[in-house]
Amino acid sequence: MRENIRQIIISLILFLSCTHLNAQSIFHTVNGKVIDKDNQQPIVGVLVFTELGDSTISTTTDYDGKFSFSLKAGRYNVKFKMLGYQSFIFEELAVPNGSNDQLNISLQEDETVLSEVEVVYTSSKDEPQNTMAIASGRQFTVEETSRYAGGFDDPARMATSFAGVAGSTGSNGMVIRGNAPKGVLWQVEDMPIPDPNHLSNIVAFGGGSVTALSTYVLDNSDFYTGAFTSDYGNAMAGVFDLSLREGNAEKRSFQAQLGVNGIDFGAEGPFKKGGNATYLFNYRYSTFAVLAPILPEEMGFLGYQDLSFKVVVPTKNGGEWNVWAVGGADRQYRNASMDSTEWTFDDANQSFSTNILFGGSGISYQLPINKNGYWKNIVGMSGNATYWESSELNSSLVENPLNDYKNVQYDLTYKSYVHYKFGPKHTHRSGITISQKHYDINMKEAEGAGDPMQTFAVGNGNAMFLQAFSQSKFQLSRNWSMNLGVYAQYFEGNEQYSIEPRASVKYQLNPWHSLSFSYGLHSQTEALHYYLLPQQNGDQLTYPNKNLDFSKAHHYVLGYNWNINNSLRFKSEIFYQDLYNIPVIEGSYFSMLNLTHEFYVDGALVNEGTGRNVGIDLTFEQFLKNGFYYTLTSSIFDSKYTGGDGVERNSQFNKNYVINVLGGKEWYIGAEKNKVFSLNGKFTFMGGDRRHPLDEQKTEETGDVVYNYDAAYSQQYPSSQILSVSALYKTIRPKYTSQWTLQIINALGAPEYYGYQMDQKTGEITDKKDVLILPNIAYKVMF
């Protein structure tokens, strides 16, 4: 008996000892690389350190600019110090951060530091990665995309938290400073691509329902709301300049996720142990497609999948090959019920089928030039293909076609640019982009059920699109900096060209306050099918929109920035945009500035429309510090346009105001602080879009909704109050990290409006609206 008790005691002691060993602190390796922000070359000998109470953990970068050290789970302020460069503090680094323990830092050379012994640490959490940018731009992190309530792991939805940007629940299309979502340029790894969203251009032009971009492969990226630099072209509203991160060169790791938005699997690592070549990819398949058999009938089938990857192969001469791709495929359909007694929901007598392919891919090679710059060459392909058919059953169950769209477009692109740093006072970048645009378009639509199908866009062929830019950034003195550039484009399809000057100047009053002014002329082509409207004139078929010129806009931005401290700042920008050369229909209220999802334009277009956007954007932001962050943003603006009838009206997107209040708190809990719990919230209060009033007399005469277009956009939808919340619970283990996430967009059920509707039985006219509450519950494991 005593022997058994002794064995039990020994076993208990051994168990407790093992438990103690398992409970010991878990260390995670942080790898990183430090490069010169201007010439992208690695910096040797940078002191990298972080303080842990009274002790300091430090290391220095090697010949390749790389460093490595181990830290316990938690958040740290990591400091980077090098003579001749502005020192930098990366605040609140999460260890581990879930998907990427690589910390890539760019240091800015500073002439004033060369002659000073004492270095003042500076932090620039929101400063764009593009060194040429001075105003209307900010950097956003992958962590912000995942952390912000309402972000939904979607860069576009996350951007609606920024000043000057408005969104909606039903799509991730962004209204930037009163401009339509179609005016946004999407760029990945320096190459333009179609907007990377599922059901793109079906839900709304310039937006879709769910992003095809995975936060697992994204790196920190830039977002611009106007007056962007000359290396961005063919856009009038804003720019998303996205980067894909490199795979971890030290070890292989994986992630798997199951959520409402999809089933994901990702992996990264070196191709061989000890090698420098890396891979990174993520694949997602729609959860809705898996659950289709049990979903409500009115949803039909919704399936999508997307793939993102990047391969990096360094060369011996300091160059680097990159192979990357982002893209997706969508399939959606619903069959009409053949039993009219089952027509219990709107459009139950309609069937539709949609197939969409979209994306971009590229191969690039970046070659260093004398350790002062680099030359980058990219060969790529991007495009989308949309096939959409719909029909309607009449009371006799006869099927009548409504739509038959075939819209296939793809670009073969070569881009080359040189970025060279002549010294601390002058950095220059120049380049060209040559795109061969291929298209095969045949789009038909019936005005109503039973009416004959009319062709509103038809053609196939190709056309050259040329772009070129040149710009320099000058550090005129310790306080003054300036950016001068020019952008030019030529489109063979309409035989039009545009030369556009861009300029910015910044005055640093002191380390905390700065003023800036930016100007840019910007232009944009329209979607190709608008150029291909056929008109029959006797025996001759003509295309009246073939030589339509670019839409154009002058952007003016006056900015003030106050860095209250390293984690708190205030920013304001007053903007004015003068839009002209806008395609309109003569004698009509119509303008392409208001385009949302109208594929068909009934009439020839002329470049006689104008518009203006004027307002102020305000931001008061507390970056994450001690587990807490908050942001207050507001945009007060007025957006007007003049159509082909010469009448100035409110634009469709003239919301007048958008106010965001968001914030969150994060706690490290557990005996070893290896569990993380966070709560985040966002409340948006914004004015409604504009709509046409009813033509009551014609509505009564016809028994259907008829609008008064003479008073187009004179009414405003009710304001929206949208609450979004998210919660995250993460457990950090030695071998893996698991994470539960709950996200809800529009938790209070604020409605979205879509005009008027008439009850065919009672004749009552009401607002056509819908309440969309978007939840996402996901479980992720990283190992």
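Student: How do the residues lining the largest cavity divide into nonpolar, polar and charged?
Tutor: There are 21 nonpolar, 18 polar and five charged residues (Ala, Val, Leu, Ile, Met, Phe, Trp, Tyr, Cys and Pro count as nonpolar, Asp, Glu, Lys and Arg as charged, the others, Gly among them, as polar). This is a predicted model, where local features need pLDDT of at least 70 and side-chain atom pairs 80 or more, while totals for chains, interfaces and linings use all residues. Numbering starts from 1 along each chain, and side-chain values use heavy atoms, leaving out hydrogens and water.

Student: Which lining residues lie nearest the centre of that cavity?
Tutor: I193, P194, N384, Q409 and A527, out of 44 in the lining (an atom within 4 Å of a cavity point, on a 1 Å grid where a 1.4 Å probe fits but cannot get out).

Student: Which elements give two or more residues to it?
Tutor: Among them are β22 (350–369), β23 (373–393) and α6 (528–531) (DSSP runs, at least four residues for helices and two for strands). The largest share, six residues, is from β24.

Student: And what's its volume?
Tutor: About 1,100 Å³, counted as the space filled by probe spheres set on the points. The model has nine cavities of 30 Å³ or more.

Student: Switching topic: in what order do the strands of the open sheet run?
Tutor: β3-β2-β5-β6, paired antiparallel (pairing takes at least two DSSP bridges). β3 (55–60) and β6 (88–95) are at the edges with a single partner strand each, so one side of each has no neighbour in the sheet.

Student: How many bridges join β2 to β5?
Tutor: Three, between residues 47–52 and 74–81. V48 has F80 as its bridge partner in β5.

Note on methods:
1 Å grid on protein atoms, 1.4 Å probe; cavity = no way out; pocket = protein on both sides within 12 Å on 5 of 7 lines; lining within 4 Å.
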